[in-house]
Amino acid sequence: MASSLTFSRALTKANDRHSDHPTRITRQFPFARHGRLLPLRRLPRALMGSNSSSRAEALIDSGSQVAAADVPVLDGSEVIQRMRARREDWQGKQQFLAMYSSILGGITTDPTAMLIPMDDHMVHRGHGVFDTAAIMDGFLYELDQHLDRILRSASMAKIRPPFDRETIRQILIRTVSISKCREGSLRYWLSAGPGNFQLSCSGCPESALYAIVIQDQSPFDSGGVKVITSSVPIKPPQFATTKSVNYLPNVLSKMEAEEDGAFAAIWLDGDGFVAEGPNMNVGFITRERELLMPCFDKILSGCTAKRVLNLAEGLGKKGEIRGITLRDVTVEEGKAAEEMMLIGSGVLIRPVVQWDNQLIGDGKEGPVARALHDAIVEDMKSGPSSVRTPVPY
Ligand SMILES: Cc1ncc(COP(=O)(O)O)c(C=O)c1O
């Protein structure tokens, strides 16, 4: 098996191609006069078209109306009161158990107080990076791998973290400890910080670290899903390899999938090769029973995908796969694979049974995806200390 050799060579492969997105043509609106747009509801239907932009127009037009004169002016305690009432109404499946903010210099367990300043450049400029780590059985899974990645992303985004790596690590572990969460996830952000509403953060006094602990006890679903090819353009490599908060393309791609009854939309890179999903990597089992993944030079370097590459060596030893390769993957190859899977900390391993109109393999969940799913769950529960950080509750 050429697995680790191929893998490390692929990781260091120079990023020698740049994506070429075709120039987009902007439609001129003939009905914009004297700098004002006519109200949408008065536009003739024929002008609105039936594509996604008309859906967006319909969304803009569908908001409820409020008389501006009735908008109250609130003092600080009324703001808190209203936030608390809203939070009670919002009660979803997830519970937010603790939040750390370097701006406050502390941890709060009151969800109402889990706020980020409006003048934080992460909020109004998207100048922030983030990462996650799963919490399982009271251990943080792959904390160090995710920590390395957020620091790499911060450096790409020219954000100098407010603390050194070890301090950030200790703050994250303490936040989980205070939350008492044993099953869920930890999310954290490094931001250019608050200070003003300029473009550059040069006037901001300090960068910021925020972290939140989210309780989620629902088990990972391993049922087969359908994917489509994304029509939303992929981010260029410089931004696709940085885990920044600029996830609008990812969000639109996921929404496009949902509108099509699919689980995710798969991006192709600038050269038409298979890239990744909106919050997951992709892998294939070829007809030659090889585990095949796209290289990480133009997509996010997934911590789960990299761990899967290691764990898959065990399947190789048992003869369940014949090799592991990282290289460019064509759409034709991907669609002709025996198995396809989505890989990421949010999904673990999710078998893909259909891509666009093409069934993958026999259209059922494949045995290798199942074995890799079991291997990663096992790793989360009893893997080595390099991937499991105990939380001292
Ligand atoms: C664009 C993108 N690709 C891949 C991944 C998978 O990365 P990981 O396995 O580290 O969660 C993510 C995760 O959020 C992502 O956002």
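Modeller: Strand E3 (residues 95–101) pairs with E4 in the antiparallel sense over three bridges, where two strands count as paired if DSSP finds at least two bridges between them, and where strands (E, at least two residues) and helices (H or I, at least four) are DSSP runs numbered from the N terminus. This is a predicted model, in which local features need pLDDT of at least 70 and side-chain atom pairs count only at pLDDT 80 or more, while totals for chains, interfaces and linings use all residues. Residues are numbered from 1 along each chain as its sequence is written.

Within this pairing, Ser 101 stands opposite Gly 106 in E4, and Tyr 100 stands opposite Ile 107 of that strand. E3 and E4 form a hairpin with four residues between them, and in its turn Gly 105 has a positive phi of about 70°. E3 also pairs with strand E8 (residues 208–215), in the antiparallel sense and over six bridges; there Phe 96 has Ile 214 of E8 as its bridge partner. Five of the seven residues of E3 are buried, so the strand is largely enclosed by the rest of the structure; a residue is called buried if 20 or more other C-beta atoms, placed from the backbone, lie within 10 Å of its own, exposed if 12 or fewer do, and partly exposed in between.

These strands belong to an open sheet of seven, in the order E4-E3-E8-E7-E5-E6-E17, with antiparallel pairing. Its edges are strand E4 (106–108) and strand E17 (388–390), each of which pairs on one side only. On average, neighbouring strands of the sheet are turned by 25° against each other, direction ignored; axes here are lines fitted to C-alpha atoms, for helices over the stretch in contact, and angles run from 0 to 180 degrees between N-to-C directions.

Helix H6 (residues 143–156) lies across strand E5 (128–136), strand E6 (139–141), strand E7 (184–191) and E17, and runs at about 175° to E5. In the loop between H6 and helix H7 (165–179) sits Lys 158, whose phi is near 55°, a positive value in a residue other than glycine. Lys 158 counts as exposed because it has 10 C-beta neighbours inside 10 Å. Lys 180, in the loop between H7 and E7, likewise has a positive phi, of about 65°, although it is not a glycine; with 14 other C-beta atoms within 10 Å, Lys 180 is partly exposed. As background, most residues other than glycine have a negative phi.

Helix H10 (residues 303–317) supplies the largest share of the shell around the ligand, namely three residues. The residues surrounding the ligand include Asn 250, Glu 276, Cys 303, Thr 304 and Ala 305, where a residue counts as near a molecule if its C-beta atom, placed from the backbone, lies within 6 Å of it.

The axes of H10 and helix H12 (residues 367–382) come within 10 Å and cross at roughly 110°. That makes H10 roughly perpendicular to H12, a description that covers angles of 65 to 115 degrees, whereas those under 35 count as roughly parallel, those over 145 as roughly antiparallel and the rest as oblique. Among the residues making the contact are Thr 304, Arg 307 and Leu 311 of H10 and Val 368, Ala 371 and Asp 379 of H12, two residues being in contact if their C-beta atoms, placed from the backbone, lie within 7 Å.

For the protein as a whole, there are 12 helices and 17 strands, and buried residues make up 35% of its 393 residues.
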